[in-house]
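Here are my notes on this model, point by point. Have the coordinates open while you read.

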Amino acid sequence: GLLMKIHGGAAMLALVLLARDPEEATEQAEEFAREKSIEAFFDEVAMPALVLAQADSDRGVLAGHRRAFIAEGLAAILDNLAEEGFVETDEAEGEGPPVACLAARNELDLAAAWLLQHLLRMRGHRAVVFSPDALSTFNIDRLPLRGAAVVCLSMVSTTSPARARYLVRRIRRRARRARLIIGLWGPERADFPSADAIVAAAADGVVTSLSAAVAEIEA
């Protein structure tokens with residue numbers, strides 16, 4: 001399969017391009033999942049594709065409508081994978097408070113939150129996703145987080161530590177009892193210089209991969 005043969009940046013680029021053709025992308029994802037796992041597809045192909053797209057967005061070479069297009073393409077791929085039985089769609093019957101996955105700024109953060117939600121549901125957890133609109137200055141104090149056991153802020157590696165600082169503080173006020181995890185998705189946090197100091201004070205954990213996020217949530 002294409003994604004198995006191509007490694008690194010090319011595989012990520014392939015997914016971004018394949019978002020134009022969700023059916024073809026789904027076949028590639030299924031082939032990848034059969035040879036490795038759906039979790040590996042999410043962590044090794046889908047998430048790096050989002051990181052790549054965010055880097056393009058930060059450099060000003062990916063317009064906002066293209067970000068939305070990539071997110072929509074990924075949503076279509078996830079829907080197709082659900083139909084084929086590779087991922088769960090229905091809310092898990094799990095009891096207890098849900099995990100809240102919050103998209104920090106844009107459509108790519110939202111797409112990353114969907115990936116985490118799917119992984120959590122596959123493992124029997126309840127997980128709800130909130131869009132970037134819900135985290136706007138106007139709306140953030142209305143977030144229904146009181147019942148959440150874990151809150152995960154989804155942020156595809158970014159050049160804006162100030163935004164992270166602001167969101168972490170506001171979320172912490174809304175969810176005092178919840179475990180607060182920051183998903184700084186990306187190969188490393190080198191592009192996020194003061195992140196550790198910022199979030200270590202207010203957050204309970206910082207993760208850079210979906211598998212690490214699931215482990216942290218289940219801990």
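**Notes on side-chain contacts and strands**

1. Let's start with Arg105, which is partly exposed at a relative accessible area of 22%; the cut-offs are under 20% for buried, over 50% for exposed and in between for partly exposed, with a 1.4 Å probe and protein chains only. Its side chain meets Asp109 in a salt bridge, 2.9 Å from N to O, and Asp109 is buried at 0% relative accessibility. A salt bridge here is a side-chain nitrogen of Lys or Arg within 4 Å of a carboxyl oxygen of Asp or Glu, and the count by that rule is 8.

2. Before going on, bear in mind that this is a predicted model: local features need pLDDT of at least 70, side-chain atom pairs count only at pLDDT 80 or more, and totals for chains, interfaces and linings use all residues. Numbering runs from 1 along each chain as its sequence is written, and side-chain values use heavy atoms, leaving out hydrogens and water.

3. Another salt bridge joins Glu218 and Arg123, with the closest N and O atoms 2.8 Å apart. This pair links distant parts of the chain, 95 residues apart: Glu218 is in helix H9 (residues 210–218), and Arg123 is in the loop between helix H6 (107–122) and strand E2 (127–130). Helices (H or I, at least four residues) and strands (E, at least two) are DSSP runs numbered from the N terminus. Glu218 is partly exposed at 37%, and Arg123 is partly exposed at 46%.

4. Arg172 and Asp204 also form a salt bridge (3.1 Å, N to O). They too come from distant parts of the chain, 32 residues apart, with Arg172 in helix H7 (residues 161–174) and Asp204 in the loop between helix H8 (195–202) and E5. Arg172 is buried at 18%, whereas Asp204 is partly exposed at 38%.

5. Now for strand E4 (residues 179–185): 6 of its 7 residues are buried. Strand E3 (residues 150–156) runs parallel to E4, joined by 7 bridges, and Val151 has Leu180 as its bridge partner in E4. E4 also pairs in the parallel sense with strand E5 (residues 205–207) over 3 bridges, where Ile181 stands opposite Gly205. Pairing takes at least two DSSP bridges between two strands.

6. How many aromatic pairs are there? The structure holds 2. The rings of Phe41 and Phe42 are tilted, because their centres are 6.2 Å apart and their planes at 55 degrees; rings of Phe, Tyr and Trp (its six-membered ring) pair with centres within 6.5 Å, and planes under 30 degrees apart are stacked, over 60 edge-to-face, the rest tilted. Phe41 is buried at 1% and Phe42 at 0%. Ring pairs link Phe32, Phe41 and Phe42 into a cluster.
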